[in-house]
Amino acid sequence: MMARDAAAVPKSLIPQNRWPAFIGAVLTVAMVAGLARGIAGSGLDGLRQALPVNPLFYLSLSLVYVALPVSDYVIFRRLWQIPVEGLAALFKKRIANEIVIGYSGEAYFYAWAVARARMVAAPFGAVKDVSILSAMAGNAITLALVLGALPFAQSVLRPADFRLLAWSVAILLAVSLPFLIFARRVFTLPTRQLWWILAVHAARLIFGGVLLALAWHFAMPQVAIAVWLMLSAARMLVSRLPLVPNKDLLFANFGITLLGNGDGLSALLAVTAALTLLIHAALIAVFGLLSLFRNRV
């Protein structure tokens with residue numbers, strides 16, 4: 001395994017070079033800029049009155065937030081025995097993917113791992129495999145959600161929407177199948193580890209979806225938890241399907257059909273998005289202060 005992985009990483013990338021630190025710095029600046037733009041455009045002042053009063057909402061939302069980096073840490077802890085400081089890099093990976101551009105977080109984490117090549121002999125293959133398996137787990141759960149949601153979607157989707165949904169499902173299958181067919185050429189890690197990583201990602205997605213439904217239920221307890229579970233599943237489904245225009249509008253229409261309260265749902269979704277941005281900003285500030293402290297010590 002290590003021989004194949006080492007071959008995947010050119011010797012010029014094994015750090016004596018400063019490129020990992022440069023990439024990390026550039027992506028950190030991009031994260032700060034993206035957060036500033038996002039917070040400036042989110043209208044935080046107008047959301048204060050919509051903030052839920054139940055503390056369980058904030059606890060559930062926090063657990064949703066940490067689910068991805070913690071699951072990644074569990075994976076890379078088993079693969080590489082990374083120290084606890086690796087968790088900070090994985091939080092930054094999550095922030096970069098959401099704020100900068102897709103898979104920029106993988107670039108950041110790869111640079112972090114290469115900069116610690118004594119700890120991680122050849123990180124490229126593992127980062128690649130974990131990223132692909134995360135996408136495959138998401139696609140598999142999305143396809144399952146499509147099958148489960150079809151009986152309830154007739155009142156929400158128009159015939160044109162059904163056609164887009166069918167094409168989107170076809171694209172998801174077309175994207176996923178080659179990784180299964182050519183798994184031996186695509187993946188670097190042993191088969192047993194690949195299945196374990198896929199299971200961790202699937203559990204994280206299901207866990208996060210249930211926790212998000214609980215958070216919304218704590219914010220609006222008059223709505224049954226089953227309805228929020230359906231909305232959480234719909235959110236995951238709509239966000240991952242390609243070719244579907246106006247994803248936010250489609251999800252809002254589905255939510256209004258279930259809840260009959262468009263204003264309440266819109267406010268709750270806005271609060272959820274704004275709080276996620278604030279958590280991003282707080283973590284970037286904390287990580288920056290910790291880095292300054294370490295450099296001075």
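This is a predicted model: local features need pLDDT of at least 70, side-chain atom pairs count only at pLDDT 80 or more; totals for chains, interfaces and linings use all residues.
**Entry 1: two helices crossing.** Residues are numbered from 1 along each chain as its sequence is written, and side-chain values use heavy atoms, with hydrogens and water left out.

Helix α3 spans residues 55-80 and α6 spans 124-149 (helices are DSSP runs of H or I, at least four residues, numbered from the N terminus). They pack at about 145°, axes 12 Å apart (axes are lines fitted to C-alpha atoms over the stretch in contact, with angles from 0 to 180 degrees between N-to-C directions).

Who touches whom? I found D72, I75, F76, L79 and W80 on α3, against A126, V127 and V130 on α6 (contact: heavy atoms within 4.5 Å).

Entry 2: I checked Q81, in the loop between α3 and α4 (85-99). Its phi is near 60°, a positive value in a non-glycine residue. Most residues other than glycine have a negative phi.

**Entry 3: the cores.** I looked for the largest nonpolar core and got 23 residues (buried Ala, Val, Leu, Ile, Met, Phe, Trp, Tyr and Cys joined through side-chain atoms within 4.5 Å; buried is under 20% relative accessible area with a 1.4 Å probe, protein chains only). F76, L79 and W80 are among those with the most contacts inside it. Helix α6 gives the largest share, six residues. A second, separate core has 20 residues, including F57 and L211.

Definitions and conventions
Buried means under 20% relative accessible area, exposed over 50%, partly exposed in between (1.4 Å probe, protein chains only).
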